Amino acid sequence: MKSRAGIITVILSAALFTILFYKQTQGLNLLIFELLYFIWLIAARQISYRTRNMITAAAGFLVTAIFTVITYSVFIYIMNYMALIILVGMLIYPQAKSFINACTLSLSNLFSSQLRFISEFSASGSNVKQTGRKLQHSLIFIIPIIIILIFIALYRSSNPVFDKLIGNIVDPVADALDYIFQNINFRIVGTFIFGLFFSNFLILRTGNRLIINKDAAATNELSRNKSGKSRSTNTLGLKNEYKAGIFLLLVLNLIILIVNVIDVYWVWFNFEWNGQYLKQFVHEGTYMLIFSILISIAIVLYFFRQNINFYSKNPVLKYLSYAWLAQNAILAISVGVRNFWYIYYYSLAYKRIGVIIFLMLTLYGLYSVLIKVRSRRTSFYLFRTNAYAIFIVLIANSVINWDTLIARYNFSQAGRSYLHFDFVAGLSDKTLPYIDKPLDELQKIDSIQNIKYPNEAGRYMNPISYHSQVEFRKEKFKAEWEAKGILSWNYPEYKAYRMLFEKK
């Protein structure tokens with residue numbers, strides 16, 4: 001893009017951003033802005049359809065942009081921004097092999113694009129360029145001026161006559177400046193400046209050559225490392241490392257086998273709930289899983305980092321590694337079963353859903369390590385494939401309206417599972433129609449819970465407090481929704497408003 005055309009596009013984009021977001025919350029305005037940006041990219045032929053990563057990044061960005069007004073959650077907004085960051089990185093370098101490198105390129109562009117704007121804006125006209133040079137030369141006077149102002153302030157405080165003299169000179173200037181600044185809308189100026197910063201990032205993209213070269217040189221296939229040592233020395237080192245690996249993985253497999261047998265017997269098939277709080281039951285297993293998975297991956301990566309991959313007598317080590325990874329997968333499933341019991345008795349919550357997503361990614365991560373060992377792949381392959389999987393899984397989960405799902409599920413299971421009034425009362429406004437229940441129904445639920453969960457009685461919000469808080473939130477939501485402009489519109493809150501206040 002030519003310098004002048006780029007500057008004009010950025011300024012128009014910043015102006016559009018200001019129109020859409022000035023005195024507005026995020027809603028329909030973000031979708032409009034991002035759709036127009038996406039259409040501009042297509043019209044300018046800046047999206048390449050030749051690589052899977054570019055297509056995935058573009059699709060992820062478009063899907064999350066649409067679902068910001070359909071799902072309207074913190075999760076979907078985070079994923080939308082993440083998809084945008086990755087898309088910008090792919091636009092900088094369409095051949096990027098890894099989303100990690102695309103993300104790094106994009107974050108680097110966050111600052112370099114601002115410098116490019118200043119440079120191109122200064123170069124777009126001779127008068128502007130000369131003004132820029134004059135401003136640069138005038139910077140040397142800043143410190144002397146500051147010192148002069150300090151001494152004037154000191155002398156004014158110590159000499160009334162000098163203070164009056166300076167006041168006669170300064171006060172009219174101060175009044176004029178006050179008048180000027182009173183008529184400047186700093187909020188709209190701030191919105192425009194942020195829009196300018198954001199538009200520079202999206203449009204004036206610059207690539208970091210070091211990151212691009214690193215990505216271009218990366219490979220999935222592991223190559224044999226030929227050192228200058230003698231063949232006998234290399235073989236001896238491999239044999240010793242091979243024996244150490246056999247011993248370590250054999251012992252670790254036996255230990256984790258005992259853990260898995262206990263979990264399968266106790267957690268999978270013979271679990272009995274005796275009224276205990278299951279938070280520790282699940283979280284301890286999750287922490288152990290995270291630690292175990294990290295160690296298992298580190299161990300396998302260490303032993304299969306270089307030449308042992310090409311050692312002719314390594315099948316036993318490979319099979320032990322497969323067994324170790326498989327047993328970690330069983331451990332992950334055991335944590336999933338623990339989480340199932342947690343949800344069964346204590347309903348849905350964000351962290352319990354997060355555990356499910358984490359387990360999905362864990363199982364894929366273990367599978368990718370297995371492929372690395374079996375097919376002699378590099379560590380870059382692991383980072384590339386797992387980053388891609390994380391992106392896909394998180395995008396897929398972000399389009400789900402989890403808040404509404406949690407509210408509806410938890411009340412539907414209130415006769416069996418514990419309904420945490422404090423947690424449900426804090427769900428987002430779009431759930432208000434689903435958490436708004438008559439006081440008699442709430443009291444009935446509470447009486448059942450006091451019998452089934454006596455250890456929880458009196459620890460949390462009672463039905464009367466819950467009902468009062470929901471009523472207060474309804475009135476507040478009504479006032480806030482009616483004060484919103486059309487650019488802040490979103491479907492879940494629109495639906496909630498209609499369900500609450502437009503009942504026939």
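# A guided tour, from a surface patch to the cores

Begin by selecting I142, I143, I146, I147, I150, F151, L154 and Y155, which together make a nonpolar surface patch of about 780 Å². A patch here is built from residues with over 30% relative accessible area and no salt bridge, like charges being joined within 9 Å and nonpolar side chains (Val, Leu, Ile, Met, Phe, Trp, Tyr) within 5 Å; accessible areas come from the Shrake-Rupley method with a 1.4 Å probe, and for residues only the protein chains shown count as cover. Within this selection, I147 lies in helix α7, residues 142–158, and I147 counts as partly exposed because its relative accessibility is 43%, where buried means under 20% relative accessible area, exposed over 50%, and partly exposed in between (1.4 Å probe, protein chains only).

The model is predicted, so local features need pLDDT of at least 70 and side-chain atom pairs count only at pLDDT 80 or more, while totals for chains, interfaces and linings use all residues. Residues are numbered from 1 along each chain as its sequence is written, and side-chain values use heavy atoms, with hydrogens and water left out.

**The whole chain.** Zoom out and colour by secondary structure: the chain has 21 helices and 0 strands, these being DSSP runs (H or I, at least four residues, for helices; E, at least two, for strands) numbered from the N terminus. Of the 504 residues, 42% count as buried, and the chain exposes about 28,000 Å², 66% of which is supplied by carbon and sulfur atoms. Among contacts with a separation of 6 or more, 79% come from residues 24 or more positions apart, a contact meaning heavy atoms within 4.5 Å.

**The largest core.** Next select Y37, I86, L87, M90, F99 and L202, the residues with the most contacts inside the largest nonpolar core, which has 48 residues. Such a core is a set of buried Ala, Val, Leu, Ile, Met, Phe, Trp, Tyr and Cys residues joined through side-chain atoms within 4.5 Å. Two or more residues are given to this core by each of α1 (3–21), α2 (28–43), α3, α4 (74–92), α5 (99–123), α9 (186–203), α10 (209–217) and α15 (379–398), and α4 provides the largest share, 11 residues. Centre the view on F99, which, leaving aside residues up to four places away in sequence, touches N53, T56, A57, I86, M90, A387, Y388 and F391. A second, separate core of 29 residues can then be located through I357, V393, A407 and L432, which are included in that core.

The buried residues in α3 include N53, T56 and A57. Step past the helix to Y72, in the loop between α3 and α4, where phi is near 55 degrees, a positive value in a residue other than glycine; with a relative accessible area of 18%, Y72 is buried. A further stop of this kind is S347, with phi near 70 degrees, in the loop between α13 (315–346) and α14 (350–375), and S347 counts as buried at 1% relative accessibility.

**Salt bridges.** With a salt bridge taken as a side-chain nitrogen of Lys or Arg within 4 Å of a carboxyl oxygen of Asp or Glu, the count comes to 8. Select R116 and E120, whose side chains meet at 2.7 Å, N to O; both lie in α5, 4 residues apart, about one turn of the helix. R116 is partly exposed at 24% relative accessibility, whereas E120 is buried at 14%.

Move on to D429 and R473, which meet in a salt bridge at 2.8 Å, N to O. This pair links distant parts of the chain, with D429 in the loop between α17 (421–425) and α18 (432–435) and R473 in helix α20 (residues 463–483), 44 residues apart; D429 and R473 are both buried.

Stay on α20 for K478 and E482, which lie in that helix 4 residues apart and form a salt bridge with their closest N and O atoms 3.0 Å apart. K478 is partly exposed at 26%, and E482 is partly exposed at 45%. Finish by selecting D436, E471 and K474, which are linked in a network of salt bridges.
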